[in-house]
Amino acid sequence: MDIINQLESKSTGPQSIPVNLLKLIPDLILVPLCKIISNSFSTGIFPDALKISKVIPIHKGESTQVLNNYRPISLLSIFDKIIEKLMHKRLYSFLNEHNVLFRNQFGFRKNNSTSFALIQITERIKDTIDQKKYGCGIFIDLRKAFDTVNHEILLNKLQHYGIRGTALNWFQSYLSNRKQFVYHNGESSQLQCITSVVPQGSVLGPLLFLIYINDLPNISNVLEFFLFADDTNIYYEADSPKDLELIMNRELKKLRNWLIVNRLSLNIDKTNFIVFHPYNKPLKQSITLKINKKAILEKDHVKYLGILIDSTLTWRVHIENVSSKISRSIGLLYKIRPFVNTKLMKTLYYSLVYPHLIYAIEVWGSADDTHLNKLLILQKRTVRLITFSDKRLND
């Protein structure tokens, strides 16, 4: 009943009823629903009728004739979500009780966020810079990671972590014989079988993916790993760039082997690395890192979990990016101000400006005043705009 009350009134997939209707008839449906779920858990069988996904392609932009310009949204039965939430609670509790999940895995976990992940990473980089050493961070991009999960490998990993017997049979049943169809412009395609992938739009999918990549950090005893679902950062520090290059290339061979064994592929074009160093100790020569004989692109800054991290942690590039976004929002506020009141202007401020200012400020908010002053000026301009104050006022 608690799960039903927490359900949101969003679109539902096949073999379902609207959430609003479900909440009106709990007394009629709870007993048979509980019996079905109990039978599912005790027999290790997931109902085939709830394994069907309705895929709706959402156009992202540009040509409507190019498939890559669409984002697939998978809708599952509301009853499937109820069953998955109950199993998710059990599985997550088991994993926490036995400390199964990697300590630096921040994605899809309670009491964790992108800010926690960014704090951990940047504090590690700060330690390197304070010790006058060089640090190398490789920002890994896995090609369609969620879509290439191998079911057999996933089940073997579940068994390794202690999910056995009827529970393992349930997950095998849950993953097997899944089907989907595409719904577009009022027409539905024929059902097609899904042979890999953690179910898109599911409750269990993200947690199962965490289990799938959980052993990645075991490939090396010298590298440090920071994971946020499939956004992976690999870090190593050394006294010289030459040592960085030697060790990192040696360890990247182990990463390549892990990817092959787990049937995952690296998007080498979107995988980058940065060499972090003290501001007064620049690199005298660049280093070359390769995986599978392909060079990884070196950059002076990369975007990771929504912020731009530069090689000396000055945050200049990130603050300039935030300033640019806020400036565009201020332009919109100027245009709309003659037609709205102060209350609505405040609402627009918290929608268009404030999120950019506050996101991960724990990480970059300690930047030098030279960079932060740009944001301070924009913030004052926004306040004057909202309060209809004279633009000549400084405060």
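Is Ile213 buried or exposed? Ile213 is buried, with a relative accessible area of 2%; buried means under 20% relative accessible area, exposed over 50% and partly exposed in between, with a 1.4 Å probe and protein chains only. This is a predicted model, where local features need pLDDT of at least 70, side-chain atom pairs count only at pLDDT 80 or more, and totals for chains, interfaces and linings use all residues. Residues are numbered from 1 along each chain as its sequence is written, and side-chain values use heavy atoms, with hydrogens and water left out.

**Whole chain**

- The chain has 14 helices and 14 strands. These are DSSP runs numbered from the N terminus: helices are H or I with at least four residues, strands are E with at least two.
- The C-alpha atoms fill a box of roughly 65 × 60 × 45 Å, taken along the principal axes.
- Of the 395 residues, 46% count as buried.
- Among contacts with a separation of 6 or more, 72% are between residues 24 or more positions apart. Contact means heavy atoms within 4.5 Å.

**Around Ile213**

- Ile213 sits in the loop between helix 8 (205-212) and strand 7 (224-228).
- Ile213 touches Gln105, Ala229, Trp258 and Leu264, leaving aside residues up to four places away in sequence.
- Phe102 lies 111 residues from Ile213 along the chain, yet their C-alpha atoms are separated by 9.4 Å.

**Helix 6 with helix 7**

- Helix 6 (residues 151-160) and helix 7 (residues 166-175) pack at about 160°, with axes 10 Å apart. Axes are lines fitted to C-alpha atoms, for helices over the stretch in contact, and angles run from 0 to 180 degrees between N-to-C directions.
- That angle makes helix 6 roughly antiparallel to helix 7. Angles over 145 degrees count as roughly antiparallel, under 35 as roughly parallel, 65 to 115 as roughly perpendicular and the rest as oblique.
- The crossing of helix 6 and helix 7 is right-handed. A crossing is right-handed if the near helix is turned clockwise from the far one by less than a right angle, and left-handed if anticlockwise.
- From helix 6, His151, Leu154, Leu155, Leu158 and Gln159 meet Leu168, Phe171, Gln172 and Leu175 of helix 7.
- By class, this contact of helix 6 with helix 7 has 6 nonpolar, 3 polar and no charged residues. Ala, Val, Leu, Ile, Met, Phe, Trp, Tyr, Cys and Pro count as nonpolar; Asp, Glu, Lys and Arg as charged; the others, Gly among them, as polar.

**Helix 10 with helix 11**

- The axes of helix 10 (residues 316-336) and helix 11 (residues 342-352) come within 11 Å and cross at roughly 160°.
- Helix 10 is thus roughly antiparallel to helix 11, and their crossing is right-handed.
- Ser329, Leu333 and Ile336 of helix 10 make the contact with Met345, Leu348 and Leu352 of helix 11.
- By class, the contact of helix 10 with helix 11 has 5 nonpolar, 1 polar and no charged residues.

**Positive phi in loops**

- Asn185 has a positive phi of about 55° although it is not a glycine. Asn185 lies in the loop between strand 4 (178-184) and strand 5 (187-188), and counts as exposed at 69% relative accessibility.
- Lys293, also not a glycine, has a positive phi near 65°. Lys293 is in the loop between strand 10 (290-291) and strand 11 (294-295). At 81% relative accessibility, Lys293 counts as exposed.
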